[in-house]
Amino acid sequence: MGFEQIVFYIFSAILVFAAGMVISVRNPVFAALFLVLAFFTSAVIWILLEAEFLALTLVLVYVGAVMVLFLFVVMMLDINLAVLKRGFRRYLPVGFVVAFIMIVQLVLIVGPEQFGLDKVESPTPRAADYSNTEELGRVLYTVYVYPFEIASVILLVAIIAAIALTLRKRKHPRFMSPEQQIKVRREDRLRIVKMKSETKL
Amino acid sequence: MVENYLPILVFIVLGILFGIAPILAGYMMGPSKPDSVKLSPYECGFEAFEDARMKFDVRFYLVAILFIIFDLEIAFLFPWAVVLDEIGMFGLVAMAVFLGILVIGFIYEWKKGALEWE
């Protein structure tokens, strides 16, 4: 067993452990942190598959940004664990049925006969100066230019959807505009009213 | 190519060891006599009266999601910048269209006031 295989088995064991903890720990914040561990270990496995750019992007985008979002959502929802666990025993049989159906589907679609080194060859080892990023750039902006542009449209949709869903203006903003404060003239604030002096009856 | 990452693997292992060693040393060598009073949470001498975690404003979420979108845009720029002299004019125009579509979104969020913090 080569050194790479040992590294692969160690990190995939950590990955499976972290993925199991994500769905089994009680505290949702810990679940999010275990998801970070899962992302890191899958990045290592992608590097072993010679996909270095994707692995670094996984760390950059998922660990750096998506997890921050997940933590915000966990904080924002203020999950009450007692309420979440209330129907656990009642929904357990239904959950088992759904899980069983999903496992059967997974085995049928991506079962062992679809995998293995005879079906999917292991990546050819590259020289030390080989750049995966260059290889990706050569095809992404020429052969796959159409999906690339569609990606930007999807990002645009995400921007607009996020703003439409979450942007709420505060009714009485406490923000003061210095510009408007300076522009105030005496006439805007002060009104001198001329009136006759009252006479005693 | 994979052998380039050997130093990083060494760093990961060393980092984990350096992280675990002080905790383990403190755990094994320090005296530990916990009782219920020592372990109870307190704030400034009196009992804690609410959960330390509180709800976040939804606007943090908006800022985070806008950050992710532009983070992804940056991720697309890296391989483009590396091979720009090979893919030439076609690649330049492709990226210009990509950025142009995202600039529409950027103008939209600017005009909507999503970047302002009241």
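Helices (DSSP runs of H or I, at least four residues) and strands (runs of E, at least two residues) are numbered from the N terminus. This is a predicted model, in which local features need pLDDT of at least 70 and side-chain atom pairs count only at pLDDT 80 or more, whereas totals for chains, interfaces and linings use all residues. Residues are numbered from 1 along each chain as its sequence is written, chains are lettered from A and ligands numbered from 1 in the order in which they are written, and side-chain values use heavy atoms, with hydrogens and water left out.

**View 1. Chain A as a run of helices.** Along chain A, from the N terminus on, the elements read α-α-α-α-α-α-α-α-α, which amounts to nine helices and zero strands. Chain A is more spread out than a compact globule, because its radius of gyration is 30 Å, well over the 17 Å that the globule rule gives for 201 residues; the radius is taken over C-alpha atoms, and the rule is 2.2 Å times the number of residues to the power 0.38. Taken along the principal axes, the box filled by the C-alpha atoms of chain A is roughly 115 × 55 × 30 Å. Of the 201 residues in chain A, 27% are buried, where buried means under 20% relative accessible area, exposed over 50%, and partly exposed in between (1.4 Å probe, protein chains only). Where contacts in chain A (heavy atoms within 4.5 Å) link residues at least 6 apart in sequence, 59% of them join residues at least 24 apart.

**View 2. Chain B, with helices and strands.** Chain B contains four helices and two strands, and its pattern along the sequence is α-α-β-β-α-α. Buried residues account for 25% of the 118 residues of chain B.

**View 3. A:Thr166 in helix α7.** A:Thr166 belongs to helix α7 (residues 145-166) of chain A and is buried, its relative accessible area being 7%. A polar atom of the A:Thr166 side chain lies 2.7 Å from the backbone oxygen of A:Ala162. Leaving aside residues up to four places away in sequence, A:Thr166 touches B:Val58, B:Tyr61 and B:Leu62.

**View 4. A:Phe40 in helix α2.** Helix α2 (residues 28-48) of chain A holds A:Phe40, which counts as partly exposed at 39% relative accessibility. When residues up to four places away in sequence are not counted, A:Phe40 touches A:Val59 and A:Val63. The C-alpha atom of A:Phe40 is separated by 9.3 Å from that of A:Phe11, and these two residues are 29 residues apart along the chain.

View 5. Most residues other than glycine have a negative phi. A:Glu50, although not a glycine, has a positive phi of about 65°.

**View 6. A:Thr133 in helix α6.** Located in helix α6 (residues 132-140) of chain A, A:Thr133 counts as buried at 15% relative accessibility. Its contacts, not counting residues up to four places away in sequence, involve both chains: A:Thr133 touches A:Glu52 and A:Phe53 as well as B:Pro79 and B:Val82.

Technical notes. A polar contact is a pair of N or O atoms within 3.5 Å; within protein, one must be able to donate a hydrogen and the other to accept it, and residues adjacent in sequence count only if both atoms are side-chain atoms.
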